[in-house]
2 protein chains.
Amino acid sequence: MLKLKRIAIDTHRESIAYLSRHCSQFKAEEFQALERIEVCGAARRMPATLNIVDDPQILDADELGLSEAAFDAFGQAAGILVSIQHPRPVESLEAVRAKIQGYELSPEQYASIIRDIAGLHYSKMEVAAFLVGCAGFMTSNEVLSLTRAMADVGRRLEWGHRLVVDKHCIGGIPGNRTSMIVVPIVVAHGLTIPKTSSRAITSPAGTADTMEILARVDIGIDEMRGIVDKVGGCLVWGGRVNLSPADDVMITVERPLRIDTREQMVASILSKKLTAGASHLVLDIPVGPTAKVRNTAEAARLRKLFEHVGGQLGLSLDIRITDGRQPIGRGVGPVLEARDVMAVLRNDAAAPDDLRDRSLLLAGALIESDISVKGGHGIHRARELLVSGAAMKAMEQIIQAQGPSNLTLEPSSSGREVVAANDGVVHEIDCLRIAQIARVAGAPMFKGAGVDLICKTGDTVHRGDPLYRIHATLESDLGFAADLAAEDPGYGIR
Amino acid sequence: MLKLKRIAIDTHRESIAYLSRHCSQFKAEEFQALERIEVCGAARRMPATLNIVDDPQILDADELGLSEAAFDAFGQAAGILVSIQHPRPVESLEAVRAKIQGYELSPEQYASIIRDIAGLHYSKMEVAAFLVGCAGFMTSNEVLSLTRAMADVGRRLEWGHRLVVDKHCIGGIPGNRTSMIVVPIVVAHGLTIPKTSSRAITSPAGTADTMEILARVDIGIDEMRGIVDKVGGCLVWGGRVNLSPADDVMITVERPLRIDTREQMVASILSKKLTAGASHLVLDIPVGPTAKVRNTAEAARLRKLFEHVGGQLGLSLDIRITDGRQPIGRGVGPVLEARDVMAVLRNDAAAPDDLRDRSLLLAGALIESDISVKGGHGIHRARELLVSGAAMKAMEQIIQAQGPSNLTLEPSSSGREVVAANDGVVHEIDCLRIAQIARVAGAPMFKGAGVDLICKTGDTVHRGDPLYRIHATLESDLGFAADLAAEDPGYGIR
């Protein structure tokens, strides 16, 4: 038997076991050839990937180490006696193999796969095998089974008999921070909206990054519950809330592999909304040549899949296919976006129209889930709550409840303008290019960095007129971003 | 910049970088969200998977750690200054994504994927994505491209103008140690045969485990070359020879995922034979209900794929579809098998006929690659070399050259017989069951453990007659193995 030791290494949601090469009881290399082992002790068994340690400072010959995530999942005290064994076959992997061979899986098979993934019983390569197998094909009913399974392993929030609404955008449009306007409007109407958002991974800002300019967002599930109970809504980072533990593991594989299928998107979004306790969901699918969804046929297929799965799960879905042909608002980057959001909430004359109009459309759709509001009147009610300042007041309450931030709303001081190369009308703005330039300029790492759009599509420009301004904290970032913009500014003018 | 440190952890052919959570220069969690990073320094760049360290004893805040394999692949001294960056896209992963989406890949795409895999530029999950994508479908020409790419990243052995032969069995039949008889026979004939073999992973013994009873097998490529130059052949473990570095990485993913496609098998076997410098290969495909290949139709498909790829690569292939309906020889387990092999080489009257006959068949086929031997006469020449003691003498030379072992040829002392439950004729023996019982009895970990078959198919037995004897070193293993045998002895008698 070996003494259990916690190895203070964070292996990003993969269970790793560490064994000394000089262990006298277990032949390290023989076990490593199997890649996976099973850790046994205190009446528990847990599969893990094996790493061999050659340094007694890290691990002694009579110890078995577990990475932080594995130690937590095993749930036993350091120093207890454990042994290792050849891995028993993880049964649900048989279903993964069947999927790879092209079979349709049953709801029970999805349930067991997802339970094992959430319990960290799969290695990353096993998760990859599952996801790639699914990328081959999945029926609508398989997506339903997967979604249900993912929701079932999460801790489901219950809100009593209250009407609980949520909104979601599939993403891809820079500056599209409607959530930060929609949430205060529907809260002002009296609905409950426990909104969680992501941080940027490859984009210049996620809603969580932008909200963080105004308030603390790194909030756990219990504190979030308290905030929503008190003020009716929240705008927190989803990473700490852990609504969908299986999704949290799968994303660590999907992201580097860039597996980005419709099926995984539907399961990921709807399972989180289910565990958040939402009954009504408004979903924004922007369509444009540089958006995630390129054309209306693709949008229609995605919509049908959302409707099929959402409908079977008892979620009332209102799907809006919107214009995704250019960024929304003016700012791209946390501070610049937060500035636009506050301008809309303050009813500034200079606030970006498109950001306000898109927010009112989505908030109106959510408000109509209140049966006392007449069909078609939601958007009027939403405008009323915005214009009256009720939405701004709700936003201030949310900020107070989450904890106000002391960050500045000032953009980074170094700036450079990108100008039109010829006369004409702006007919297209490349969302991917603008996001890339803002990212290279330092967003979201430097909160004040990004791109501030001066012209949008339809504007008439003359050669030398400024199209947008790049903001950066570091001069070197400004230079790289300006070089990118010089190569291709992302604007079509004719 | 961070100081480079070697972290003495063997991560089994995956590049892992370690960064302190308290690193002031790089925000650990932001990088971890991307899973992969790029290590830059000394004009080198290398992708790696990021782990975060919370223990200053393992890593300081101003250090960047690399796992043993990563440190070696990076090839720089500890202490040099390095930085980390967001990963640049690994170009060949675009081809992997295309394969997942169902496209046929070009020879160039396979070449770039395999170069990146061999260079440890892929994470395990990226390797898994590639293998699962390939498991969907591969054309014969894709298998050819893959095989060529795998051979090209290995160090190819050159043997001048000599005729270089090799033999391979696709495996799955307990006791099938023909290589240890074929190699000395063809060496005695004067052919060159640089034979590498595997160790058992899930079976009770590989040829390398059995040969290790007689001689040292843990031999590197240069020493192997010297041995073959001196005596004409060898019987070494392939794990140290590293003939196919890409295969060595892929196997660490295929094995735990149990991805076992015909296409990967063909590419793996033929790429290794190519790098070993073989011009003629005899391939043994045993067929039987409990063998790897279940029926002759399956064997014919596999044969055609081998022929297509081998032919295009200029390898002269002689494929033998053989009887795989029961184990070969008597012993199953390293010592028991080595005993059978030596009995055949010594021309013992009690030596197992089937092991001798199968070996003569395959050795005869190899000998016919010598143009001075008439068609159909190879087997007679093989028998002559065996009966005359020339083969035994060649084996002794090989053992001397590799370094004789001092292990005993005695089976483990604890034994228990498994007897017939009824009268009748043995009509089938389950290869999988016998392998499982031998494995549970302790083979190959305990060299003398395993199963010693007393009856084979066609034998008439009476109730209570011994069918086989289980040998084990530990009493507990003997008990478990006997329990398994009591449940189902793996013998069909009627």
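**Exercise 1: two helices of chain A**

Determine at what angle helix α6 (residues 140-152) of chain A packs with helix α13 (residues 296-312) of chain A, and how far apart their axes are.

Solution. α6(A) and α13(A) pack at an angle of about 50 degrees, and their axes are 9 Å apart. This is a predicted model, in which local features need pLDDT of at least 70 and side-chain atom pairs count only at pLDDT 80 or more, while totals for chains, interfaces and linings use all residues. Residues are numbered from 1 along each chain as its sequence is written, and chains are lettered from A and ligands numbered from 1 in the order in which they are written. Helices (H or I, at least four residues) and strands (E, at least two) are DSSP runs, numbered from the N terminus. Axes are lines fitted to C-alpha atoms, for helices over the stretch in contact, and angles run from 0 to 180 degrees between N-to-C directions.

The angle makes α6(A) oblique to α13(A), since angles under 35 degrees count as roughly parallel, over 145 as roughly antiparallel, 65 to 115 as roughly perpendicular and the rest as oblique. The crossing of these two helices, α6(A) and α13(A), is right-handed; a crossing is left-handed if the near helix is turned anticlockwise from the far one by less than a right angle, and right-handed if clockwise.

The residues that make the contact are Ser140(A), Val143(A), Leu144(A) and Thr147(A) from α6(A), together with Leu305(A), His308(A), Val309(A) and Gln312(A) from α13(A). Two residues are in contact if their C-beta atoms, placed from the backbone, lie within 7 Å. Sorted by class, the contact of α6(A) with α13(A) has 4 nonpolar, 4 polar and no charged residues, where Ala, Val, Leu, Ile, Met, Phe, Trp, Tyr, Cys and Pro count as nonpolar, Asp, Glu, Lys and Arg as charged, and the others, Gly among them, as polar.

**Exercise 2: another helix pair of chain A**

Work out at what angle helix α7 (residues 179-189) of chain A and helix α15 (residues 353-367) of chain A cross, and which residues meet.

Solution. The axes of α7(A) and α15(A) come within 9 Å and cross at roughly 35 degrees, and the crossing is right-handed. On the side of α7(A) the contact involves Ile181(A), Val182(A), Ile185(A), Val186(A) and His189(A), and on the side of α15(A) it involves Ser359(A), Leu362(A), Ala363(A), Leu366(A) and Ile367(A). By class, the contact of α7(A) with α15(A) has 8 nonpolar, 2 polar and no charged residues.

**Exercise 3: a sheet in chain A**

Give the order of the strands in the open sheet of 4 strands in chain A, and say which strands stand at the edges.

Solution. The order is β13-β16-β18-β14 (chain A), and the pairing is antiparallel. Strands of a sheet pair through backbone hydrogen bonds, either parallel or antiparallel. At the edges stand β13 (331-332) and β14 (414-419) of chain A, each with a single partner strand, so one side of each is left without a neighbour in the sheet. Two strands pair if DSSP finds at least two bridges between them; β16 (residues 450-453) and β18 (residues 466-472) of chain A pair in the antiparallel sense over 4 bridges, and Asp452(A) has Arg469(A) in β18(A) as its bridge partner. Helix α18 (residues 431-440) of chain A lies across β13, β16 and β18 of chain A and runs at about 130 degrees to β16(A).

**Exercise 4: where chains A and B meet**

Find how many residues of chain A are in contact with chain B, and which elements of chain A supply them.

Solution. 39 residues of chain A are in contact with 39 residues of chain B. On the side of chain A that touches chain B, at least two residues each come from β2 (9-10), α1 (28-33), β5 (44-53), α3 (92-100), α5 (124-136) and α11 (245-257) of chain A. The largest share of this side, 10 residues, comes from α5(A). By class, the side of chain A that touches chain B has 19 nonpolar, 9 polar and 11 charged residues.

Strands also link the chains: β5(A) is joined by 2 bridges to strand β2 (residues 9-10) of chain B, and these strands run antiparallel. Ile52(A) has Asp10(B) in β2(B) as its bridge partner.
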